[in-house]
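Work through the exercises below with the model open. Try each task before reading its solution.

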Amino acid sequence: MTFASASLPRHLLRGVIGFGSLIAAFALLPSVGPLSLLLLPVTLLAFRGCPTCWVIGLIETVSRGRLQRDCVDGQCKLTSVG
């Protein structure tokens, strides 16, 4: 399973939406009340589950095409492509 996005700008946009809705959900809590917690599902959708999943996806998106895993005789290593 991969968490990477098609492009880095798209992934960063998902992060802005995710972190923005997470912060807004708790910042609006005193003024709007529990209704502001309805923003939390937006956070989960933007992060594809959790902030850690988003960070893993960011690393995968940035490294896509730059790192390659080579496995020989049961030992694997990462090498740079190009």
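The model is predicted: local features need pLDDT of at least 70, side-chain atom pairs count only at pLDDT 80 or more, and totals for chains, interfaces and linings use all residues. Residues are numbered from 1 along each chain as its sequence is written, and side-chain values use heavy atoms, without hydrogens and water.

**Exercise 1. Find the buried residues of helix H3 and say what they pack against.**

Step 1. Take H3 as residues 40-47; helices are DSSP runs (H or I, at least four residues), numbered from the N terminus.
Step 2. Pick the buried residues (under 20% relative accessible area, 1.4 Å probe, protein chains only). They are Thr43, Ala46 and Phe47.
Step 3. These residues lie on the same side of H3, because they cover an arc of only 90° around the axis, taken from the directions from the helix axis to the C-beta atoms.
Step 4. Look for contacts (heavy atoms within 4.5 Å). The buried residues of H3 pack against helix H1 (8-27) and helix H4 (51-63).
Step 5. Check the residue just after H3: Arg48 has a positive phi of about 55°.

**Exercise 2. Describe the disulfide.**

Step 1. Search for cysteine sulfur pairs within 2.5 Å. The structure holds one disulfide.
Step 2. Cys71 and Cys76 form it, with sulfur atoms 2.0 Å apart.
Step 3. The link of Cys71 and Cys76 is right-handed, with 110° about the S-S bond.

Key
Buried means under 20% relative accessible area, exposed over 50%, partly exposed in between (1.4 Å probe, protein chains only). Helices (H or I, at least four residues) and strands (E, at least two) are DSSP runs, numbered from the N terminus.
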